Amino acid sequence: MEWWKIYTLVTMPMAHQICALFHAQSRLVHGQTIPTRCPSLCIQRILRTFHFGAPTRGALRRFMSVSPSLFESARAVDIDVGVFKYVLINMSDNRTLRARKLVRGYNGCEFHADVLSLATTRLVDPNITLNCVGGGRINHDAEHKKIHIYGYSQGFGRADHASATELCREAFGADYTLTWSDQGY
């Protein structure tokens, strides 16, 4: 049996976490997608790509520590242009117990749950917990540099639009006119 298969059998729980981490950050692996269905292939490709040599927990730990943390690198606001549903997400780092809020809104999502689902597929990390704290709608007019946040989510409840507005203000700067209202759907 090859060494990487033995190593994977011994460390299978860790392999699944590593696969989730590298799948989320697959752009860091020379533009290749890491296969997450097979941990042994995932470990083999990681070790071959980064020339770790003999697999050790220390080598994998060193690689994981130099990768940027998703908690720190995730943009606070990721929204499209137009009128669409949005969710306010509380993201917490299970290692450091820090938390921050994120605004996510995408055109083409019929329900707030669809926005949350799309956001969670983009924010995959075994050390991150995502919790939707509410939703609403955003009217983002990029041409006139205006953002209006309003409404509520029937499934998640009304988001704290004031918090979402502040996050958008930090992301888009003083050039944008930002307003919010609890009225409307």
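Contact here means heavy atoms within 4.5 Å. This is a predicted model, in which local features need pLDDT of at least 70 and side-chain atom pairs count only at pLDDT 80 or more, while totals for chains, interfaces and linings use all residues. Residues are numbered from 1 along each chain as its sequence is written, and side-chain values use heavy atoms, with hydrogens and water left out.

The protein has seven helices and six strands. Helices (H or I, at least four residues) and strands (E, at least two) are DSSP runs, numbered from the N terminus. Read from the N terminus, the order of elements is α-α-α-α-α-β-β-β-α-β-β-α-β. Of the contacts with a separation of 6 or more, 62% are between residues 24 or more positions apart. Of the 185 residues, 41% are buried; buried means under 20% relative accessible area, exposed means over 50%, and partly exposed lies in between (1.4 Å probe, protein chains only).

Neighbours within four places in sequence aside, Val 87 is in contact with Leu 102, Val 103, Arg 104, His 112, Val 115, Leu 116, Cys 132, Gly 134, Gly 135 and Phe 156. Between Val 87 and Ile 138, 51 residues apart in sequence, the C-alpha to C-alpha distance is 9.7 Å.

Helix H6 spans residues 112–122, and its buried residues are His 112, Val 115, Leu 116 and Ala 119. Viewed down the axis of H6, these buried residues fall within an arc of 95°, so they line one face of the helix; the arc is that of the directions from the helix axis to the C-beta atoms. An α-helix has 3.6 residues a turn, so residues three or four places apart point the same way. The buried residues of H6 pack against strands S2 (82–93), S3 (99–105) and S4 (128–141).

Asp 125 sits in the loop between H6 and S4.

A salt bridge is a side-chain nitrogen of Lys or Arg within 4 Å of a carboxyl oxygen of Asp or Glu. By this rule there are six salt bridges. One of them joins Glu 72 and Arg 98 (3.2 Å, N to O). Glu 72 lies in helix H5 (residues 70–73) and Arg 98 in the loop between S2 and S3, so this pair ties together parts that are 26 residues apart in sequence. Glu 72 is exposed at 54% relative accessibility, and Arg 98 is partly exposed at 37%.

Arg 95 forms a salt bridge with Asp 93 (3.5 Å, N to O). Arg 95 is exposed at 52% relative accessibility, whereas Asp 93 is buried at 2%. Elsewhere, salt bridges that share partners join Arg 75, Asp 78 and Arg 122 into one network.
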